[in-house]
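Reader: I'm new to this one. Could you walk me through how to read its core and its aromatic rings?

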Amino acid sequence: MLKNKFKKVLLTTFLTMAFAGVFAEEDTDALKDDTEQTKTEETNKDSSIKNDIQRELNITVSSSNFNLNPHTASYSIEAQILDGLYEGLYSYDPRTLEPKNALATNCKISRDRKRHTYEIRKDAKFSDGSPINAFAVRSAWLMLLSTPNAPYASFLDCVKGVKEFRNGKVSEDEVGIIARNDTTLVLQLLYPASHLNKILCHHAFSVKTGSDNVFSGAFVLKERADNSILLEKNQNYWDADNVKLPSIRITTSDEITDNSWNYNTGKIDWIASVFNAKKILNPNAVHLSAIFGTEYVFFKCQNSPWDKADFRNALVTAAPWAALRKNTFVKATTLVYPLSGYPKVDGLSDTETEDAVDMMKEAKIKAGMKEDEILKIKFEMTATSDRQKEFFDLLKEAWKPLGVEVEAEITNDYRYVESIPSSTADLFIYSWIGDFADPLAFLELFKDGSTLNQTKWKNDEYNRLLAEAAETTDADARNKLLSEAERTLLDDGVVLPIRHSISLNAVNTNAVGGWYTNALDIHPLKYLYFKDYKYEIPNVVMK
């Protein structure tokens, strides 16, 4: 998923690495029935939770024009909201992010791992009271696959007929998503997909109807205004008894000082990113952590000569890495954040301008160009992003010795990323958070035919490695193949990794239960509740 707009945030606490247990390999041979486990963890473990103290939870996030269609939404804050409004076969465990049974109570995987059979719970209903069954799941997924520009649709390409159906080549009857009866859903896979159930936690694969006012999750959308959204508890939700909050109000604000003040005075219970950490009176409420994400610049390989690897690699070799990564907490030399069991990939870190000049000369000669020919490259940016402007200035200066002029292409489109497919620019900046803790969450972005491939890059060796990795059931062998695919991507000069992402939140976990620091910065709303905690607000509050 994409991070929200690029912002300057005042960070004054130390970076903590909060990855314990998140990146462990998962055995998906059989996810046993855990109907009771899916109930609110704190409810089962802490009998002291008081229903009479539960109230509306107030959250503040950065300004955004929210897309609340789970099939097309792609920003991280949208994922947070959609997690509360919609639900699929699985939901994220709030601590570990591992799949927790939601609409599915059981999964049986065939001996050859090419058939998944899901048992759908019998008590599931939409917010309007209509039943959620296997037919509803199938209908929702076919709707996703039929939606133009649905960014995550290709993640289901491991299912028989899905890719062909997305491209209009077969009918829905030829897709391997089969509802046997109300409580049995069968997926026929083209190859073993050990990551599949992790993917199914994502909001894109939740269950929805054709109506925007019917929901399958723990909450419903009650009100929507220019700068706020009100969610109310879904009384028809299958696990409603264990959803403690009556409502959640999400307010948008970029006023860092005011947000910090409102948090200190108790008007806000949780702020995401837009606050001054130095002015939060309770330092224990500030949570700064690394997450499974990477910010990077990428080439859209559509215009000559930037559709050729030798020209791109000349620019990559001259990239001012030290300046681009200045003042970053976690510098990124590779695309994929290093995971447990994932082989080390040689990253991009050395700036060699003289070598780059020679490489550019050779590339021009090979292409039949004059050595002194000036080349132009367009960098797409918004008019309001200081970070994009900084990158533009750094690259413009660094690539001048190569005879390359960097031009700015300004877009006023608020949803910067959604403008990329139709843009004629060559360079873009992305900040991507993996939707599940697996290298494929990043590598899928560059696969030929993927709905997430914004680069238009095609590489037969890369596609072969991903295909071979998909066929193997050995975790070590799979990781090796995926690391080789990442190395191919870096060697072809498609991306310039800058930094691995961090999350910054202000929330007092002594007062708000069910909130945990995790590697995706996703905090399932159904598990949140208020603890019996006495707020102590000083007489003098810093503003």
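Predicted model: local features only at pLDDT ≥ 70, side-chain atom pairs only at ≥ 80, totals over all residues.

Author: Let's begin with a single side chain. Tyr 462 has 0% relative accessibility. Anything under 20% counts as buried, so Tyr 462 is buried.

Reader: And is Trp 457 buried or exposed?

Author: The cut-off works again here: Trp 457 has a relative accessible area of 2%, so it is buried.

Reader: How are the rings of Trp 457 and Tyr 462 arranged as a pair?

Author: For ring pairs, look at the angle between the planes; over 60 degrees counts as edge-to-face. The centres of the Trp 457 and Tyr 462 rings are 4.9 Å apart and their planes sit at 65 degrees, so this pair is edge-to-face.

Reader: How many aromatic pairs does the structure hold?

Author: There are 17 of them. Some ring pairs join up into a cluster, whose members include Tyr 152, Phe 155, Tyr 296 and Phe 446.

Reader: Which residues have the most contacts inside the largest nonpolar core?

Author: That core has 157 residues, and Phe 205, Trp 141, Leu 156 and Phe 446 are among those with the most contacts inside it. Helix 3, residues 134-145, gives the most to this core, with 8 residues. A separate, second core has 13 residues, including Ile 268 and Leu 288.

Reader: What does Phe 205 touch, leaving out residues up to four places away in sequence?

Author: Its contacts include Trp 141, Leu 156, Tyr 152 and Phe 155.

Reader: Where does Arg 121 lie?

Author: Over the face of Trp 238, with 3.6 Å between Arg 121 and the ring centre.

Methods: Residues numbered from 1 in each chain as written. Heavy atoms only, no water. Core = buried A, V, L, I, M, F, W, Y, C linked by side-chain atoms within 4.5 Å. Buried < 20%, exposed > 50% of the residue type's maximum accessible area, 1.4 Å probe, protein only. Helix = DSSP H or I, 4+ residues; strand = E, 2+ residues; numbered from the N terminus. Contact = heavy atoms within 4.5 Å. Phe/Tyr/Trp six-rings, centres within 6.5 Å; stacked < 30°, edge-to-face > 60°. Lys NZ or Arg CZ within 6 Å of the ring centre and 35° of its normal.
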